[in-house]
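Subject: Structure handover

Hello,

Here is the structure I promised you. My notes follow below it.

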Amino acid sequence: MISRAGIVDWALGIFEDLEFGAARAWLAEGPGRKACGYLPVYAPREVVHASGMLAVGIHGGGDRLEIIKGDAFYQSYICHLPRSVIELAQTGRLDFLSAMLFPSTCDVIRNLSGMWQVLYPDVYVRYLELPQVQDQATGGAFWEGELRLLLRELGRVSGRPADDASLAESIALYNTARGLIRELYRMRREAPWTVPTEELYLLMRAGEGVPVETFIEKARAYMSAVEAEPGQRKDRSRVIVVGAFCEQPPLGLIKTIERAGCYVVDDDFLLGNRFLDTDVSTDNDPVRALAGGFLRHAVSSSIMFEPDPEGKRNLMRQRVQAARADGVIFAAPSFCDPALLDRAMLRAGAEADGIPCIAFKYAENSAQFQQFREQAGTFADSMKLWGDS
Amino acid sequence: MATANKDRSMELQKQMIADHYKRLEAAPETGEPVVYTFVPGNLTELIRSFDALPLLPEINALQSGMRGKSGEFVVAAEKMGHSEDVCTYVKCDIGMAKSGNVGPTGTRLPKPDLLLLSYTGCYTFMKWFELLREEYKCPTVFLHVPYQGDGSLAPEHREYFVKQLKESVIPALEKVTGRKYDEERLRASLRLSAKSEDDLVAVLHSAKKKPSPIDAYFGAVYYVGPIFSAFRGTAEGSEYYRSLRAEVEERAAAGLGPVTPEGPLDDQKYRLVVEGPPNWTHFREFWKMFSDEKAVVVASTYTKVGGTYDFGFRHDPDDPLGTLADYCGGCYTNLNIPSRIDMLVKYIQEYEADGFLINSVKSCNSFSAGQLLMLREVEQRTGCPGAFIESDLVDPRYFSAANIRNRLESYLQMIDARRAERVR
Ligand code: SF4
Ligand code: SF4
């Protein structure tokens, strides 16, 4: 059996590799293989997989990439993610990608899709317009059409067009992956000392850069390792982290939150991997099922219109209750309009419900954690006090 | 006389706006339904066909900026917990609502009966109305306008749009106004729109003349005001554009330039194209920097956020709902970056510009993300170096007059040097 440390080391290796060695190795293993990148938050990876391509999450360069060229593309008041993505591309690190998908997360990612069209005319670029209308007849039909188009076009790029059977297989695989992720999140919620967020995050992050089959294997191995070496319970406050769905915080920040005395029991890091929160049916028409799966089960997030007028007000209470959390840490990237505008509504709702909150901003390359440590530490202590009183 | 005509169009516009705000103020008493909506992709004709009054929060924000009120509103919103990083239009609007909701003309603004959320070209709109919905507790109807990621509005996207109009937007308007959808009325209004659009395009195209009879950025933000806001498809809107066109044609025939706040600009030394919205808090000062240097703007992209009429689009009364899809889909910030670059290149070439300038505003990712690449590409394709300046829309803290003036002056000196080289 592989040890917990062995799996975490493997994941850390993938996470830190800005050359995307695992993806390149997969490409080298078979002639004519192709890879397709996607930006946060949600991309239908089943469609990429069914088209015979490797789906690779492009989440920026974190704190390990020096930005030399990227700053020439972005003003100082735009978040950090696109400049590090451009840096990766301009330094040739993304030259193994034959296609790039840009989901409708925000105006920055939307405009980046056009920049890609200009800068890399040989790469297949698709802007993915997620359906904001949530009824099946209108939004569902629209999204189904988008997925069919994507299937056709990726099939052309890969030279291995998908059919219903291959798409159903891919959906089944991703159902397995989603199921494992749900289980890992459940385990962390139930006994957070057994699944430290730092480890869970690395595993999730590695899952964005390797074939889904490999992720499934490693996730299962990790779960077995957790059973074998459950770790020690500590006296910490339980928090959920909200706002980090796109540009990812540096790993150091995640560690800081936990070391300051908090157990993260729910979060929205790498949210795309669990945007569909239940299995997608593999019976009948798989494209329709995938489209329907999105409409019925997409989680509440800042990138989708909230049709329920009370939705934003109630969301933190619901999530806190579901995770049995003591409080909320709003952690959003600087200059991130969707997260920061949402924060005002979410925080007001949380505070009206008496839920303790703190808020800060970060950039993926933030290097100083002292201030976060103090803030999170004081927060954890105060929650314990309130909890005891 | 040119001056008399100019006065007439200006007077007309002033009167139209004053009347509209008075009607809005009286709406709670008169019972006229009020629909809040946004500029890019607005459905003014449809709203008006239900006898509802449109109110556009962005216009309030920019007007507050021009009248020196926005700074305090933005700070008020930040004190309430809004981040200093986010779009200042939103904060200005929320700050205004929390400070008594007195609009730019000094009248009290009514609460919305409906928030018509169409987020053409910008996702921040979605958050904006989610926030306002909390404030006003009124119904919200969502219209999802797909982005032209591939450079055109796909037929399926058009279909999706029309379906939403039929299934949610029109029923929502019927419900809040108590009136039935009247397609004939909509057609009549769209006919008036198309006529105004012809007139506006004639005005915009007049800048091809030398000297240009208009300033297509600072001056044109006034010209597009009625068509971008509450007056497209109305009789008074139509009359405004008829007289504006007559006035501009007269000025062009007389070989005169535009009238700037500092007086006429007949002697024009530089013809520029501008990308990006203006700064509103120092609008006159900003314009003066240009007119002091005898620089006239001959084309701008900002004046296309509410419709790209100069590339041929006209509202079509024969396809009343489909034409609304084409209109919304084609608004400037709903175009992808390659199309935006093409547009700038065309402007520089067709308007024989000496240079182009990007005003990048901190607030607006929809405009600003990608502008540095646009600068580079346009420079490469036209051989014309561009200038890049930074400011904000309605947050006065981000307007540095000295920096902007220096940048503009050195840019114009560079144009002089290039001219001198060509003469040699
Ligand atoms: S961090 Fe926020 S603003 Fe930046 S790309 Fe992501 S969603 Fe957009
Ligand atoms: S981000 Fe830009 S387009 Fe969007 S609301 Fe703000 S100013 Fe308008």
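By class, how many nonpolar, polar and charged residues does the shell around ligand 2 have? It has seven nonpolar, two polar and no charged residues. (Nonpolar here means Ala, Val, Leu, Ile, Met, Phe, Trp, Tyr, Cys and Pro; charged means Asp, Glu, Lys and Arg; the others, Gly among them, are polar.)

Conventions before the rest. This is a predicted model, where local features need pLDDT of at least 70, side-chain atom pairs count only at pLDDT 80 or more, and totals for chains, interfaces and linings use all residues. Residues are numbered from 1 along each chain as its sequence is written, chains are lettered from A and ligands numbered from 1 in the order in which they are written, and side-chain values use heavy atoms, with hydrogens and water left out.

Ligand sites

The shell around ligand 2 consists of B:Cys87, B:Tyr89, B:Cys122, B:Thr124, B:Phe125, B:Trp128, B:Ser363, B:Cys364 and B:Leu393. A residue counts as near if one of its heavy atoms lies within 4 Å of the molecule. Helix 6 of chain B gives the largest share of this shell, three residues. (Helices, H or I of at least four residues, and strands, E of at least two, are DSSP runs numbered from the N terminus.) Domain 1 (8–181) and domain 2 (186–423) of chain B each supply at least three residues of the shell. Domain bounds come from an automatic or database domain assignment.

Ligand 1 sits in chain A residues, among them A:Cys79, A:Cys106, A:Cys246 and A:Cys336. Its shell has ten nonpolar, one polar and one charged residues. Again two domains take part: domain 1 (4–168) and domain 2 (232–386) of chain A each give at least three residues.

Chain B against chain A

In contact (heavy atoms within 4.5 Å) are 54 residues of chain B and 51 residues of chain A. The two chains bury about 4,500 Å² between them, 57% of it on carbon and sulfur atoms. Buried area is the accessible area (1.4 Å probe) that two parts lose on being put together, summed over both.

Six salt bridges link the chains. The rule is a side-chain nitrogen of Lys or Arg within 4 Å of a carboxyl oxygen of Asp or Glu. One pairs B:Asp85 with A:Lys361, closest N and O atoms 3.0 Å apart. Helix 6 of chain B provides the largest share of the side that touches chain A, seven residues. By class, that side has 22 nonpolar, 18 polar and 14 charged residues.

Inside chain A

The centres of domain 1 and domain 2 of chain A, taken over C-alpha atoms, are 23 Å apart. Their contact takes 41 residues from domain 1 and 34 residues from domain 2. They bury about 3,100 Å² between them, 66% of it on carbon and sulfur atoms. In domain 1, A:Val41, A:Tyr42 and A:Gln134 lose the most area to domain 2, together 19% of what that side buries.

Two salt bridges cross this domain interface. Helix 6 of chain A gives the most to the domain 1 side, with eight residues. That side divides into 21 nonpolar, 13 polar and seven charged residues.

Last, the salt bridges overall. One joins A:Glu146 and A:Arg126 (3.6 Å, N to O). A:Glu146 is in helix 6 (residues 136–158) and A:Arg126 in strand 4 (residues 124–128) of chain A, 20 residues apart.

Best wishes
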